[in-house]
Amino acid sequence: MEHDPHLQRVLDRMRSGVLSRDGFLGTDPRPLEEVLDADRSAVAALGTTHEEVAARLGEVLDKARAGLGTPIRIGDRLVATHREAMGRIPCPFGGCGTFPKGEVELTDPATGESLFLTALGIHMVGKHGFYQGRGSRYRLEPTALGRLMQLGGG
Amino acid sequence: MTDPSHAGGAAHLLVILVSAALTDNILLTRFLGMCSFLAISRQMKASVGLGLAVTFVTTITCAINAALYVWVLRPYGLESLQLILFIVVIAAFVQFMEMLIERLSLGLYYALGIFLPLITVNCAVLGAALFMTNRNYGVTEGLVFGFGSGFGWMLAIVLMAGIRERLKTARIPPALEGPGITLIIAGIIALGFVGFSGMVQP
Amino acid sequence: MDGVSFVLTSTVVVAATCLASAVVLLIAERYLANYGPCTIDINQGSKKLEVRGGKPLLATLMQQQIFIPSACGGRGTCAYCKVKITDGAPPIAPTELTLLTDEEQQKNVRISCQVKVRNDLAIEIPEALFRVKQFTGVVERMRDLTHDIRELRIRLVEPAAIEFTPGQYVQLEAPAYGDNPEPVYRAYSIASPPSDTGHVELIIRLVPNGICTTWVFTMLKEGDEVRFNGPYGEFRLAEGDAEMVWIAGGSGMAPFWGMTRHMREHNVQRPCTYFFGAVAQRDLFFTDEFHDLEKAMPGFRFVPALSGAENDGWTGEKGLITQVVERHLKDGSGKEGYLCGSSGMIDASVKILKAKGIPEDRIFYDKFT
């Protein structure tokens, strides 16, 4: 059991069926700290920061939301489509308030690769360095992000 | 029932008390009860609260466990059951104390959070009980020893909390922040406590 | 001693110790965890409750048939169950601190599922909550309106009738199932008119990774029992005769479907244009029903619009719903706006309505988005 009561509460909120059906840790067997560490290194290897990633993703989210459900071109390669959902969802880390539900599917039509963005997911990237566990629908794998959005130095 | 190793009454008890609290400090000399020590020593208020709770638990459970040992286990030759029974007694007593604290001081209850039930698995508490039976202490001696051990644990955590408060304005290498620097300091305090060792002739 | 008597004695001793501990704890719980009777004074004496202390305020009020809205069922994650405690409040719990703003803390607003009733309390809650009840019903009919929108028609069992104003919502309980360990509650606007007192209709859209919608779409069947609380909400048609502009797509149609049928029953003559935005033809539903309503109510116009690229054969309006509103609405002065949808759609709609001259205080929408 987790000795840090605050972290234990965070983990409890990240489980499936508490805030969302599948939770935020997906099927990832690794403990939260390991997930955070691994993604931190991956992001550093891309040559960028959590805040930068979150800012870029936030731009995509805003553009897609303005489309009200129709696919929007992002850059010269990508397409983003917003699917609305009513209601708000709190951040499992606590103390950050609530975020509008709804997802944006960001696709590269050439490769067929897709990522799913949510307002909460982007907040957790920027503020907590949390990209969600493997197996989560909304996991933002840093290498996939780097490829899709050509982040960082490259 | 008289205690087998009874010599010089009050002075003997005083020696037990002082050695348990200082020279044989259950945390700094025996390194028991470290996890809550590391986590809670960040805040002075919570440290004092937890220290008092641990002292209370250790004192009473040592007394109960000593009574159990001297009056039930030893006469029937059941010393081998001490581990199981001590744990049952400690667990039940901590539960009781949780209810008590929640009733009397909700603020303290929230401040201690998960560390209150964690006292059950605080090895210092079980350790004190086992040291006690090892040395064949009677009930009164057990009570005093329990109090000394708990108080010694509280002393250590309060000392650490005070130091960590001062550390807030100090520059610490990032890799050592948190548990790293705390353990280093614990070691230094332990070295300091070795200076007490001349006080009590074993 | 020999083996057998050793085993016997040790068993007795261990059992006796455990039993003694259990008895001590039970007695302690009886006296320490028992907070005795407490009085809860609501809204400066307008209602006084005699309750047993020891449970969270949310659960205690629920037992007294006062239903504070809650989405997470008392687990301290949704922050819906805020209640103002003016007297007798215990120290604030760490779980509350993360959910309350500084301003709320100063105003004595607390998360009622995290506050244990230990002594007399004085609280303040909105008057409307007194009319909220807990309902059980049976799914009378479940039909798919589009590929991802489903309509539930629920026949009320206990209580057998519901009273509400069109535009209000209920909190539907999604029970524990599969990986979902505890019930959660999700808000859905009532889509049936108030005249149908024995039924409640809901229009629910499938949300990926949604706890409640997954249950509705994969597990719920006709004939199943459902539970919900309500009615909640301040979204309703304002008094007067002002011309109305409605904007809603997808499941946002729900409150308007109830409102139009209500208006028709009461022969309400207010001019009204309902802009229904969708992406493709497969997202449209109730188009025939609304065209019938257009014929029955002279002042009512239904304007569906498709924003997607491939919509050949569609002779109706095309473009984003905000663009369609822009084209049709010449002058908003003296008119009122009613919106239902996600926050993005609402923001965009508010912008266009304001640009057309409808003042912000005449634009209405449910703020739980």
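Chain B contains eight helices and zero strands, where helices (H or I, at least four residues) and strands (E, at least two) are DSSP runs numbered from the N terminus. Along the sequence, the pattern of chain B reads α-α-α-α-α-α-α-α. The structure is a predicted model, in which local features need pLDDT of at least 70, side-chain atom pairs count only at pLDDT 80 or more, and totals for chains, interfaces and linings use all residues. Residues are numbered from 1 along each chain as its sequence is written, and chains are lettered from A and ligands numbered from 1 in the order in which they are written.

The C-alpha trace of chain B spans about 60 × 45 × 25 Å along its principal axes. Of the 202 residues of chain B, 44% are buried (20 or more other C-beta atoms within 10 Å of the residue's own, with C-beta atoms placed from the backbone). Contacts join residues whose C-beta atoms, placed from the backbone, lie within 7 Å. Among those in chain B between residues at least 6 apart in sequence, 84% link residues at least 24 apart.

The contact between chains C and A involves 30 residues from chain C and 27 residues from chain A. On the chain C side, strand E9 (184-189), helix H5 (211-218) and helix H9 (343-355) are the elements giving two or more residues. H9(C) provides the largest share, four residues. The chain C side comprises 13 nonpolar, 15 polar and two charged residues, with Ala, Val, Leu, Ile, Met, Phe, Trp, Tyr, Cys and Pro counted as nonpolar, Asp, Glu, Lys and Arg as charged, and the others, Gly among them, as polar.

Definitions and conventions:
Two residues are in contact if their C-beta atoms, placed from the backbone, lie within 7 Å. A residue is buried if 20 or more other C-beta atoms lie within 10 Å of its own, exposed if 12 or fewer, and partly exposed in between; C-beta atoms are placed from the backbone.
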